[in-house]
Amino acid sequence: MLCEEIFFNTYNRDAEGLAFSPYRVCPIGAHSDHNFGKITGLAIDKGIHIAYAPKQNGVVEMKSLQFPKRAQWHISDVPKTKCNDWADYLRGATWALGKDHRLRVGLCGVIEGSLPIGGLSSSAAVIIAFLQALCRVNDIELTAQEIIDVAYDAELNYVGVSVGKLDQSCEVLSKKDHLLYLDTLNGQYELIPQHPQMKPYKVMIFFSGLEHNLSGSKYNMRVDELRAGVYALQAYAEMDYGKFKEAAARHVPKDVYLKYKDRLPATWARRCEHWYTEFERVEQGAEAWRRGDIETYGRLSFGSGWSSIHNWESGAPEQIRLYEIMRHTDGIYGGRFCGAGFKGCCLALIDPAYEDAIRQTVTTQYLQAFPELEGKYAVYVCESADGVRI
């Protein structure tokens with residue numbers, strides 16, 4: 001790995017460990033986990049590697065191959081507020097892990113991502129890979145749920161992104177050749193095996209050429225708009241409700257939404273429309289996967305993408321164009337934006353027999369629309385993969 005080579009060149013010794021966390025894709029279930037929705041997802045065979053070695057003085061010193069500045073802090077003196085740079089996710093992980101575990105040993109490490117940043121849950125992946133390394137050097141053993149919870153705490157309460165547990169769960173719980181079907185309300189999940197009669201598929205990632213950062217996007221605003229709609233619905237229906245941040249669509253039945261949606265401001269109503277219809281698409285998608293019907297699953301993923309554009313109102317023009325091209329390209333079962341849909345990537349579930357034709361068709365049409373992105377736009381083909389284990 002390149003990160004191991006850079007580690008050796010930086011510290012004049014070999015790394016003592018190599019941590020890895022896969023990226024994830026979520027074909028159906030986007031923009032819902034923060035309000036306790038259901039999701040379906042897959043870990044893929046690309047992700048974040050960290051070459052590392054312990055530092056007995058308690059200092060954490062991290063270098064990323066994607067960012068120029070090296071970051072440093074002490075495990076017992078993590079800055080109380082974020083520093084607004086790439087390493088906030090790692091500081092947050094140190095802070096969150098240190099709540100319940102005594103940390104004595106720091107580490108030095110080099111981080112390498114195998115795909116561009118933008119929509120593949122790279123933030124969660126880097127947190128989980130870092131947790132793997134920090135736990136190893138401190139002789140800490142975490143359960144799968146503890147990994148998910150610590151990573152979630154770091155991103156929500158330290159970095160300040162209003163995430164749910166979709167990303168962390170996919171990257172920890174996934175199993176190769178299975179679809180993760182997760183209820184984020186209670187953490188219950190099922191790994192649905194690939195049906196023997198299911199047509200073959202691969203995951204194709206189209207990188208738009210534009211990187212993104214959730215903490216600097218409209219992601220939090222969209223979550224607040226949904227929550228505002230839910231809060232109003234609770235009031236109209238005379239339901240018990242508490243603090244604004246505790247409002248969640250999962251606690252308001254769909255029939256309440258249908259009864260009072262016309263009273264909502266149009267923006268809030270669209271956010272609610274996405275959440276409630278996405279919940280239904282996930283349930284239908286899980287059943288389609290269970291019976292081996294990848295065509296129906298793919299159509300539902302396209303439906304998720306449409307709602308993300310028109311109801312959730314996410315997606316840069318580049319992503320929207322990619323989505324439109326995908327919808328009219330032979331051999332693509334379905335697809336949508338990866339992640340929040342503010343720049344970044346699109347994913348497609350494809351028939352491998354069409355791989356070369358899909359690559360050529362999408363690339364040609366996309367670069368005709370955005371010729372300035374030639375050299376930045378890229379296409380990757382991935383397989384499903386197991387989640388991380390510490």
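In what order do the four strands of the open sheet lie? Keep that in mind as you open the model, which is a predicted one.

**Stop 1: the four-stranded sheet**

Select S8, S9, S10 and S11. The order is S9-S10-S8-S11, and the pairing is antiparallel. Now look at the edges. S9 (332-337) and S11 (378-382) stand there, each with a single partner strand, so one side of each has no neighbour in the sheet. On average, neighbouring strands are turned by 20 degrees against each other, direction ignored.

Zoom in on S8, residues 202-207, and its partner S11. Five bridges hold this antiparallel pair. For a landmark, pick Val203: the residue opposite is Cys382 in S11.

Then select H10, residues 317-327. H10 lies across S8, S9 and S10 (345-350). Against S9, H10 runs at about 170 degrees.

**Stop 2**

Move to residues 59-64, which form S3. Is S3 largely enclosed or left open? Five of its six residues are buried, so the rest of the structure largely encloses S3.

Select S4, residues 71-74. S3 and S4 run antiparallel and are joined by four bridges. The link between S3 and S4 is a hairpin of six residues. Click on Val60 and look across: Trp73 in S4 stands opposite.

Now bring in S5, residues 106-113. Here the pairing with S3 is parallel, over five bridges. Met62 faces Gly109 of S5 in this pair.

**Stop 3: Leu107**

Stay in S5 and select Leu107. At 0% relative accessibility, Leu107 counts as buried, because the cut-off is under 20%. What does Leu107 touch, beyond residues up to four places away in sequence? The contacts are Ala53, Pro54, Lys55, Val59, Val60, Glu61, Met62, Phe130, Ala133, Leu134 and Val137. Check one distance yourself. Met62 and Leu107 are 45 residues apart along the chain, yet their C-alpha atoms are separated by 8.0 Å.

**Stop 4**

Select H2 (residues 88-97) and H4 (residues 144-159). For H2 and H4, the axes come within 8 Å and cross at roughly 115 degrees. The crossing is right-handed.

Show the side chains on both helices. From H2, the contact involves Asp88, Tyr89, Arg91, Gly92, Ala93, Trp95, Ala96 and Leu97. From H4, Val150, Asp153, Ala154, Glu155, Asn157, Tyr158 and Val159 meet them. Colour the contact residues by type: nine are nonpolar, two polar and four charged.

**Stop 5: the loop between S1 and S2**

Find S1 (17-28) and S2 (38-55), then select His31 in the loop between them. His31 has a positive phi of about 60 degrees, although it is not a glycine. In general, most residues other than glycine have a negative phi. Phe36 lies in the loop between S1 and S2 as well. Phe36 also has a positive phi, about 65 degrees, and is not a glycine.

Which of them is buried, and which is partly exposed? His31 has 5% relative accessibility and counts as buried. Phe36 has 31% and counts as partly exposed.

**Stop 6**

Select H8, residues 266-290. The 25 residues of H8, at 1.5 Å each, should span 36 Å, and the end C-alpha atoms are 36 Å apart, which agrees. After H8 comes Gly292, with a positive phi near 80 degrees.

Finish at H9, residues 294-310. In H9, 12 of the 17 residues are buried, so the rest of the structure largely encloses H9. Among them are Ile294, Tyr297, Leu300, Phe302 and Ile309.

Definitions and conventions
Residues numbered from 1 in each chain as written. Predicted model: local features only at pLDDT ≥ 70, side-chain atom pairs only at ≥ 80, totals over all residues. Heavy atoms only, no water. Helix = DSSP H or I, 4+ residues; strand = E, 2+ residues; numbered from the N terminus. Expected span 1.5 Å × (residues − 1). Buried < 20%, exposed > 50% of the residue type's maximum accessible area, 1.4 Å probe, protein only. Pairing = 2+ DSSP bridges. Axes fitted to C-alpha atoms, helices over the stretch in contact; angles between N-to-C directions. Contact = heavy atoms within 4.5 Å. Left-handed = near helix turned anticlockwise from the far one by under 90°. Nonpolar A, V, L, I, M, F, W, Y, C, P; charged D, E, K, R; others polar.
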